[in-house]
Amino acid sequence: MKKRIMLVGTLMLLGACNQQPPKPMTAIEVIEKQEAAAKEIKSMSMGMDMSIDIKQSEMTLPTIKTHLNLDVIENPPAMKLDMGGVNQIVNGQVYYVDNTLYTNVSGTWVKKEGTMDEFEEMKKSAQRTNTIPAGIKEKFEVKETMDNYVLTLQLKDKEDFDNLINSIPTSAEAIENFKQAGATFESGEVTYEVDKKSFYIEKMDMILSMVTEDTTAQKISVKITIHADLKGINNVNKIEVPQEAKNAKES
């Protein structure tokens, strides 16, 4: 009996020794699972903060800060966008509910019949943040925390930079304006935090630096910092339009 117990114990020990730890996922494997998970998203909330710092020679201009909250429901189509900030031109709200578009940019609500094209255009902001650009996805490195895969990329050239800015809602136009003014890519870094269970992107952080020279040969540096939180995935059930928006005159 004693020998039998010893034999069973030895076999169990050998079995445990032969068990190999799971092989760590590569960055591209994480991204492929994230892409598959993203196709199942039917609703979500996104919060984003963006700051633009401009320095001309020794003079630093006031920081431009933008914050937006975006809720999207795919079916039936509905959307809510709140945008505001410091030292920026546009502050306002936009709703798309029941095929009606409500906007408030200057403190006055305006409503009109909406179109699916308008809804799809606004939905792209959430989709871009939840999509890792195809042109750079094979260049990421991956690390693991207790709950997340952390994908990081140090941008090395203009091509990487151009691939990335197309994925940035609200800021691609601003960056394009800087480029047209002669600004060129200097450095950049982007990080995505992907939930290990759902493979949804939970956070995105980005730092981009550009540099140019004005007509007096003074160096102008531009630094853009972006942080996004994605939450409430498939848990946004309804979007309520404010009563004052419903009461607005139709344009």
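Does Lys-111 count as buried or exposed, and why?

Reply: Lys-111 counts as buried because its relative accessibility is 15%; buried means under 20% relative accessible area, exposed means over 50%, and partly exposed is in between, using a 1.4 Å probe and protein chains only. The model is predicted, so local features need pLDDT of at least 70 and side-chain atom pairs count only at pLDDT 80 or more, while totals for chains, interfaces and linings use all residues. Residues are numbered from 1 along each chain as its sequence is written, and side-chain values use heavy atoms, with hydrogens and water left out.

Lys-111 belongs to strand β7, which covers residues 109-113. Helices (H or I, at least four residues) and strands (E, at least two) are DSSP runs numbered from the N terminus. Setting aside residues up to four places away in sequence, Lys-111 touches Thr-100, Leu-101 and Tyr-102, and also Ala-245, Lys-246, Ala-248, Lys-249, Glu-250 and Ser-251. Contact here means heavy atoms within 4.5 Å. With Lys-246 there is also a polar contact: its backbone oxygen is 2.7 Å from a polar atom of the Lys-111 side chain. A polar contact is a pair of N or O atoms within 3.5 Å; within protein, one must be able to donate a hydrogen and the other to accept it, and residues adjacent in sequence count only if both atoms are side-chain atoms. Val-94 is 17 residues from Lys-111 along the chain, and their C-alpha atoms are 9.7 Å apart.

Strand β7 also holds Trp-109, which is 14 residues from Tyr-95 in strand β5 (residues 92-97). Tyr-95 and Trp-109 are both buried. Their rings form a tilted aromatic pair, with 5.9 Å between centres and 55° between planes. Rings of Phe, Tyr and Trp (its six-membered ring) pair if their centres lie within 6.5 Å; planes under 30 degrees apart are stacked, over 60 edge-to-face, and the rest tilted. By this rule there are four aromatic pairs.

The largest nonpolar core has 52 residues, and Met-79, Phe-140, Leu-151 and Tyr-192 touch the most other members. Tyr-95 and Trp-109 are in a second, separate core of eleven residues, which also includes Val-236 and Ile-239. A nonpolar core is a set of buried Ala, Val, Leu, Ile, Met, Phe, Trp, Tyr and Cys residues joined through side-chain atoms within 4.5 Å.

Val-236 is also among the residues touched by Ser-45. Ser-45 is in strand β1 (residues 43-56).
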